[in-house]
Every structure is written in C-alpha cells, then in structure tokens.
Amino acid sequence: MTEVALPARGSELAAAYRVCRAIAAVHGRTYFLATRLLSAPRRPAVHALYAFARLVDDIVDHPTYAAEHGPAGELDLIEKQLRVALEQAKPPVDRHTQVLAALADTIQRYDIAPQHFWTFLDSMRMDVPGTAHFRAAYATMTELRDYMRGSAAAIGLQLLPVLGTVVPVAEAEPAAAALGEAFQLTNFLRDIAEDLDRGRIYLPTDELAAFGVEADLLTYCHRIGHTDQRVRRALAHLIAINRDLYRFANPGIDLLDPRVRPAIRTASTLYAGILDEIEHSDYAVFARRAVVPRRRRLRVAAIEFTSAALPH
C-alpha cells in the first residue's frame, strides 16, 4: 500500500492530528502502544479514528460533556458537523472540531466509506435514554451483536483502508469486523461494574439467566464488591464465547499489509490478555478493573516488533 503524505508540520490540520494523538495516548494505552508499531504516516490516521470514537463515547457516557444540547442532540450535531467537514474544508476552532477535521481528512485520504461512521453513531444513539433506539440491556447475543455492528465492527471496517490489505478489502472485512466485536465484548466483561453505574448491562441476559444470574444479582455483587459463584460461571462461559471471536478474527490479520500485522497482533494479544487477567483475579470484576500489566504489554510489543524485523 502506498503511504499517504501527512499535512505540513505547523498547519492547522497537523495541530488537529496532534490533538488526536494526545487523546489516544491518555485514554487508549493498549491501543496507543499498538499504533507505535505502525509506520509513521499511518499513526495519525489511527489516532484520528480513536479520538473520534472517544469523543462520542464521552458524549454518551458523561452527559456533562453534552450539557448544551443533551447527548442525543450532541450526537446529531456531531454527525451534521462531520458531514459538513467531508463536503467543505473549514478551519478547526476548538478541540472538538479539531478531532472532526482530522477525522474528515483521514476519511478522504484513505477513502474510508462514510457509512461506517453513520452506523457507529446509530449504535451510540442506542446508549442514550430518550432516543427511539435506546437499550439498557440486551436479551440475546444476536441483539448485542446488532449493537456491536455499529459500536465495534464498524471500527474495524474504518481501520481497514488505513492498515491496507493484501487482498481486496471486502475479503478482509469479516475478520476485521469480528476483531472489533472481540475487543468490544472484552470491554463489556471487564467493565460490568462501570456499566451498572450507568444503568446498563451489555452482557446478553439470556446467557446470564442460564447460570441463574439476573440484574438484581449483578447489582448486589457490585454493591458488596464480590463476585457470586453463579456470576463466575456465567463470566467463564462468556469469556469462552469471546475467545471464539478472537480465534475467528486472528487469521484475518494475515490478510493485512505485512507492515501493520505486528501492531494488530499486539493489540489482539493484549486485549485477549484482559480475559486472562479476569480469570487470574477469580473474576473479581466488581472489586477491580482488569488491566494487563505494563511489563507484559511492553514484552508483547517487543516480541512482535522483533519478529517483524527478522528475515522470513
């Protein structure tokens, strides 16, 4: 894949990309570490994609970020502003529009289908009370995967043109979408307590019920900071489902440009490592947030970098 030239240093657009990089560095430690294995021209585009997703997440999860219009109105405004940014270049005026300016530039430079962003925003509206599609819980894995089609699979599809492929992009899309879903489901398993604080359950309620787990039990576990045995069994089951997603998605990494494979393998290995940490803690998801230790993160990245540098 031909690398895409970056904006001139010191330009408004270059400043916008620097804002995106700072957001990724602060909020996406695993993601940011993986991007360091990418070639320099690709990194800003990945940072822009991450910063946009983070911006939207903050609107949905922290209503104070959207006090003027409310979360639903702010999402509508974001979509309108992005559509305008794609049609006509306007100088960014604040951190918010800087992210959108960098994103619009990334979409155009790498010919990313804008539909992936509208699908993403539609799923985010499912998180906002008062919207027509709001969901506080999902009855089945099918329902949850419909949500993840926009919240996670679309992210994988946005990244594909930036990463590059050795096959037609359409052939790599199923695995890329599955890897996005695998990452998202890992987040849901790790962040059960945080999601309960927001009045949401992102684990399929029928899968939980099969182990005798209902919303009241999850709330009780959260309140006392202890994981009931029934919840442990349900989490073990859902972790197995999550690992199946990784197993389906990981062979698709070989469909990517060889130069980006180490970064994506690193991200996949480290995210799957969160599942290991949940298990090692005896599923103590209500007492602490599962995090892959920094030493392991650096070791995995080093192994992938070294492997990529060796002759094949």
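1. The model is predicted, so local features need pLDDT of at least 70 and side-chain atom pairs count only at pLDDT 80 or more, while totals for chains, interfaces and linings use all residues. Residues are numbered from 1 along each chain as its sequence is written, and side-chain values use heavy atoms, with hydrogens and water left out.

2. Helices (DSSP runs of H or I, at least four residues, numbered from the N terminus) H3, residues 43–61, and H5, residues 95–109, pack at about 135 degrees, their axes 9 Å apart. Axes are lines fitted to C-alpha atoms over the stretch in contact, and angles run from 0 to 180 degrees between N-to-C directions. H3 is therefore oblique to H5; angles under 35 degrees count as roughly parallel, over 145 as roughly antiparallel, 65 to 115 as roughly perpendicular and the rest as oblique.

3. Contact (heavy atoms within 4.5 Å) between these two helices involves, among others, Ala48 and Phe52 of H3 and Val99 and Leu103 of H5. By class, this contact has ten nonpolar, two polar and no charged residues. Ala, Val, Leu, Ile, Met, Phe, Trp, Tyr, Cys and Pro count as nonpolar, Asp, Glu, Lys and Arg as charged, and the others, Gly among them, as polar.

4. Helix H1, residues 12–27, packs on H5 at about 105 degrees, with axes 8 Å apart, which means that H1 is roughly perpendicular to H5. The residues of this contact divide into ten nonpolar, two polar and three charged; among them are Tyr17 of H1 and Arg109 of H5.
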